[in-house]
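Me: I would like to go through this structure with you slowly, one question at a time. Could we begin with the place where the chains meet?

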2 protein chains.
Amino acid sequence: MCQLLGMNCNTPTDIVFSFTGFATRGGLTDEHKDGWGIAFFEGNGVRLFVDHQPAMSSPVAELIKRYPIQSENVIAHIRKATQGEVTLENCHPFVRECWGKYWVFAHNGDLKNFAPQLNGSFLPVGSTDSETAFCYLLQRMRERFGEQSPDLPALSRFMQEICAEIAAYGTFNLMLSNGEALFTHCSTKLHYIVRQYPFPTASLSDEQMSVDFSEVTTPRDKVAVIVTEPLTHNECWTQYQPGELKVFVDGDVWLAGEAA
Amino acid sequence: MCQLLGMNCNTPTDIVFSFTGFATRGGLTDEHKDGWGIAFFEGNGVRLFVDHQPAMSSPVAELIKRYPIQSENVIAHIRKATQGEVTLENCHPFVRECWGKYWVFAHNGDLKNFAPQLNGSFLPVGSTDSETAFCYLLQRMRERFGEQSPDLPALSRFMQEICAEIAAYGTFNLMLSNGEALFTHCSTKLHYIVRQYPFPTASLSDEQMSVDFSEVTTPRDKVAVIVTEPLTHNECWTQYQPGELKVFVDGDVWLAGEAA
């Protein structure tokens, strides 16, 4: 199984602190050493870094930990291969374009006998069940809404339906973003926290590192962090219910509900 | 205007030497300081690094110069903005998926009054004429060949036609790769060299740096480098004719001909 990390904020924020703890699980404090990846939205653009080396020893991960890229939507993934070889094309997150926006997707879990009919509009490049699920999701999304990008309520209803449909094939913890909202779905395990004023000092569980967020934020900042396993041991993380979809906008929960 | 750099090899090769000279033009020895980008194929996967900072001062470019990523197909670009703002989404290369392969594209030039009808299968995220041309090219390619990826001769004929069509709107120097072949088209300026046994010692034009390629290669290696302006002052670069398409496979010219 893999682990997921997402961040959604109301102001561009760097993810150095959270990523440092998360990357430690990629080969040091945990077994997720079959590659990793991270995608940052900057405006409509995306920076995607993927590597099939363990996050712990990857020079690219080292860069991310030192270089504070500011973003309002981030999705990261460390991989423990279950389906698909350890190759670059099988590293999450995956990116596709739809309606003139980039869509970024990462998945934790395992889908069994999942072989949807793909019509060619979005096809997997690698051999993972995850990328196939992403392509199927986008194909269904474009079929449903045609040429026009839907609004957030319509998109959220669609996500509830499609997540329930795909989750019937196995474990489907996922993160998806179009740079405006961060959609998260939990089959088995996902936690989140909204950091806001008054900001605490947080200490990582996986490394000796603390940050006093009040020194690096303004009182109006809001930062939601979503992760498979809580990253800090002195903050209160909320665990998702199985089947739950949460949509984050501007650093806070916009919608929380059960998959239809 | 911008500058292009491409590499196609018969064995995975690092581009550190050529990129070092090329990146120097991104703000130091030349004026191309409105962002840059580089894409490396590794198997079917792609590593894409883009930045709207000048290549000379970008920490990501620094990583590329130090970290020898091995690839058989590389496309790089430094930008001097003519159309579209200096934002991340306007940095080349651009990547899309078609037929379950990634396609990477970069363009140097300026297209005037180019507003093709796009049917939604590939849409630009940014505001450059270049990304619009890339989306139009892919749309036409998928229309032409349907659900089946064509062979190289058919694809090359298509490229000759579409390049001639788009070049009617202005300057269309381009590089395109699907990880198997590197397609290059010259409207105004492009040079190439095929490095092979016996390998020379090459010296950069833009920086004090030399490499004795014979020390880092085997006698069967072949490396084609294609670039807007020659990178070295002691090698013999071949200049393209206007309207010329060259396709590189396994480090050598596979097809050279005029756009139909």
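Me: How many residues does the contact take from chain B and how many from chain A?
Reply: This is a predicted model, and its contact between the two chains draws on both of them. The number taken from chain B is 34 residues, and the number taken from chain A is 34 residues.

Me: What rotation superposes chain B on chain A?
Reply: The superposition has an RMSD of 0.0 Å and needs 0.0 Å of shift along the rotation axis, and that is the relation of a two-fold axis. The same surface serves both copies, since 100% of the contact residues of chain B recur in chain A. The rotation that superposes chain B on chain A is one of 180 degrees.

Me: What is the area buried between chain B and chain A?
Reply: The size of an interface is often given as the accessible area lost when the parts come together. Here carbon and sulfur atoms give 53% of the area that is buried between chain B and chain A. The whole of that buried area is about 2600 Å².

Me: Which residue of chain A forms a salt bridge with B:Asp51?
Reply: Across the interface of chain B and chain A there are four salt bridges. In the one that B:Asp51 forms with a residue of chain A, the closest N and O atoms are 3.0 Å apart. The partner of B:Asp51 is A:Arg47.

Me: Which element gives the most residues to the side of chain B that touches chain A?
Reply: The interface of chain B and chain A holds 18 residue pairs in polar contact. On the side of chain B that touches chain A, the elements that give two or more residues are E3, H2, strand E5 (94–98), strand E6 (101–108) and helix H3 (129–145) of chain B. The one that gives the most, with seven residues, is E3(B).

Me: Which strands stand at the edges of the open sheet in chain B?
Reply: Seven strands form this sheet in the order E3-E2-E4-E1-E12-E9-E13 (chain B), and their pairing is antiparallel. An edge strand here has a single partner strand, so one side of it is left without a neighbour in the sheet. The strands that stand at the edges are strand E3 (45–51) and strand E13 (238–239) of chain B.

Me: Which residue in E13(B) is the bridge partner of B:Tyr192?
Reply: Strand E9 (residues 191–196) of chain B pairs with E13(B) in the antiparallel sense, over two bridges. The bridge partner of B:Tyr192 in E13(B) is B:Thr238.

Methods: Residues numbered from 1 in each chain as written. Chains lettered and ligands numbered in written order. Predicted model: local features only at pLDDT ≥ 70, side-chain atom pairs only at ≥ 80, totals over all residues. Heavy atoms only, no water. Pairing = 2+ DSSP bridges. Helix = DSSP H or I, 4+ residues; strand = E, 2+ residues; numbered from the N terminus. Least-squares fit on C-alpha atoms with pLDDT ≥ 70 in both. Contact = heavy atoms within 4.5 Å. Buried area = accessible area lost by both parts, 1.4 Å probe. Salt bridge = Lys/Arg side-chain N within 4 Å of Asp/Glu carboxyl O. Polar contact = N/O pair within 3.5 Å; in protein donor to acceptor, adjacent residues only side chain to side chain.
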